[in-house]
Amino acid sequence: MKNFRILFLLAAFINFYQCKEKNKTVKSTTQKKEDFKIKIKATKEKEIVKPWDSLNRHNVEAFLTEFGKQNPETKVLIKTDFGNIKILLNKDVPLHRANFIFLTKIKYFNTTVFYRVAKNFVIQGGNSDEMFTQKERNKYGNYLLKPEFRKNRKHKYGALAAAREWKHNPNKLSSPFEFYIVQKKSGAHHLDNEHTVFGQVISGFNTMEKISKVKVGVDEWPVDDIKMTVEILD
């Protein structure tokens with residue numbers, strides 16, 4: 001009987017010890033799973049948390065193509081102290097359209113001015129002397145856009161087109177930041193297939209005319225800054 005008790009106690013002890021070790025193993029395994037989940041989550045967050053505005057000179061076409069799909073807006077409003085100019089952006093020049101929408105959404109234009117008023121020719125904007133403007137350009141690597149010439153997109157009155165450098169620019173790459181609006185009533189057709197036309201003024205022609213009459217210096221820069229803000233309508 002005494003031996004039986006000893007065997008019983010010994011068996012109970014062994015069973016208790018095994019259960020304890022089993023629970024410990026389960027807990028350890030569970031903890032590892034939790035740690036694994038945390039690591040996976042952290043890895044996913046690291047992959048996902050990426051600036052939505054990660055545009056740079058190396059991914060221009062890919063970025064703007066995808067941005068254009070997700071942001072199909074075509075109507076914008078340029079506001080000035082002289083009045084507003086409503087513009088319809090052309091869908092058949094997808095990179096230039098997407099680029100203008102992108103810059104509008106990051107509020108780039110809101111620190112810029114109409115810095116050139118060429119009488120009976122064009123009014124040109126999208127630049128300024130402010131440091132913020134230059135920092136924004138540098139942030140995105142001062143990228144350029146491939147031309148998107150279209151036979152039906154001419155430099156008629158009210159056409160919106162991209163400015164560009166003429167020297168050392170054989171591929172006629174557009175500035176993404178600077179634009180001009182044809183103010184000459186008969187158009188500026190010598191610029192067809194030289195600059196990409198990517199929009200058209202649909203209202204605010206009186207505002208254009210008012211701006212065209214401001215006093216300018218020898219470099220065609222208005223004596224008084226013509227500030228602008230740009231917002232998306234639709």
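Predicted model: local features only at pLDDT ≥ 70, side-chain atom pairs only at ≥ 80, totals over all residues.

Biologist: What percentage of the contacts between residues at least 6 apart in sequence join residues at least 24 apart?

Modeller: As background, buried residues account for 41% of the 234 residues in the protein chain. For contacts between residues at least 6 apart in sequence, the share joining residues at least 24 apart is 74%.

Biologist: Which strands stand at the edges of the sheet, and why is one side of each left without a neighbour?

Modeller: The eight strands form an open sheet with antiparallel pairing, in the order β3-β4-β6-β5-β7-β2-β1-β8. A strand at the edge has a single partner strand, so one side of it is left without a neighbour in the sheet. From one strand to the next the twist averages 30°. The edge strands are β3 (113-118) and β8 (229-232).

Biologist: What is the bridge partner of Leu-88 in β7?

Modeller: Strand β2 (residues 83-89) and strand β7 (residues 197-203) run antiparallel and are joined by four bridges. Within β7, the residue bridged to Leu-88 is Gln-200.

Biologist: In β6, which residue is the bridge partner of Ile-123?

Modeller: Strands β4 and β6 run antiparallel, with four bridges between them. In β6, Phe-179 and Ile-181 point one way, Tyr-180 and Val-182 point the other way, and all are buried. The β6 residue bridged to Ile-123 is Ile-181.

Biologist: And which residue of β6 is the bridge partner of Ala-162?

Modeller: Here the pairing is between β5 and β6, which run antiparallel and are joined by three bridges. The partner of Ala-162 in β6 is Phe-179.

Biologist: At about what angle to β8 does helix α3 run?

Modeller: Helix α3 (residues 94-105) lies across β1, β2, β5 (159-162), β6 (179-182), β7 and β8. Helix α5 (residues 205-212) also packs on the sheet, and its direction makes about 120° with that of β2. For α3, the angle to β8 is about 110°.

Biologist: How many of the 12 residues of α3 are buried?

Modeller: The helix reaches 16 Å from its first C-alpha to its last, close to the 16 Å expected at 1.5 Å a residue. Its buried residues are Leu-95, His-96, Arg-97, Ala-98, Asn-99, Phe-100, Ile-101, Phe-102, Leu-103 and Thr-104. Helix α3 is therefore largely enclosed by the rest of the structure, the number of buried residues being 10 of the 12.

Biologist: Is α2 roughly parallel or roughly perpendicular to α3?

Modeller: The two helices pack at an angle of about 80°, with their axes 9 Å apart. Angles of 65 to 115 degrees count as roughly perpendicular, and α2 is therefore placed in that class relative to α3: roughly perpendicular.

Biologist: How do the residues of the contact of α2 with α3 divide into nonpolar, polar and charged?

Modeller: On the α2 side the contact is made by Glu-61, Phe-63, Leu-64, Thr-65, Phe-67 and Gly-68. On the α3 side it is made by Leu-95, Arg-97, Ala-98, Asn-99, Ile-101, Phe-102 and Lys-105. These residues divide into seven nonpolar, three polar and three charged.

Biologist: Does Thr-74 count as buried or exposed?

Modeller: Thr-74 lies in the loop between α2 (60-70) and β1 (75-80). Beyond its neighbours within four places in sequence, Thr-74 is in contact with Ile-87, Leu-88, Leu-89, Lys-91, Arg-97 and Asp-234. Its relative accessibility is 13%, and a residue under 20% is classed as buried. Thr-74 therefore counts as buried.

Biologist: Does Asp-81 count as buried or exposed?

Modeller: Asp-81 lies in the loop between β1 and β2. Asp-81 and Thr-207 are 126 residues apart in sequence, yet 9.2 Å apart in space, C-alpha to C-alpha. With a relative accessibility of 78%, Asp-81 counts as exposed.

Biologist: What is the relative accessibility of Asn-90?

Modeller: Asn-90 is found in the loop between β2 and α3. Not counting residues up to four places away in sequence, Asn-90 touches Arg-97, Arg-153, Val-197, Phe-198 and Gly-199. Asn-90 counts as buried, and its relative accessibility is 7%.

Notes: Residues numbered from 1 in each chain as written. Heavy atoms only, no water. Buried < 20%, exposed > 50% of the residue type's maximum accessible area, 1.4 Å probe, protein only. Contact = heavy atoms within 4.5 Å. Pairing = 2+ DSSP bridges. Axes fitted to C-alpha atoms, helices over the stretch in contact; angles between N-to-C directions. Expected span 1.5 Å × (residues − 1). Parallel < 35°, antiparallel > 145°, perpendicular 65-115°, else oblique. Nonpolar A, V, L, I, M, F, W, Y, C, P; charged D, E, K, R; others polar.
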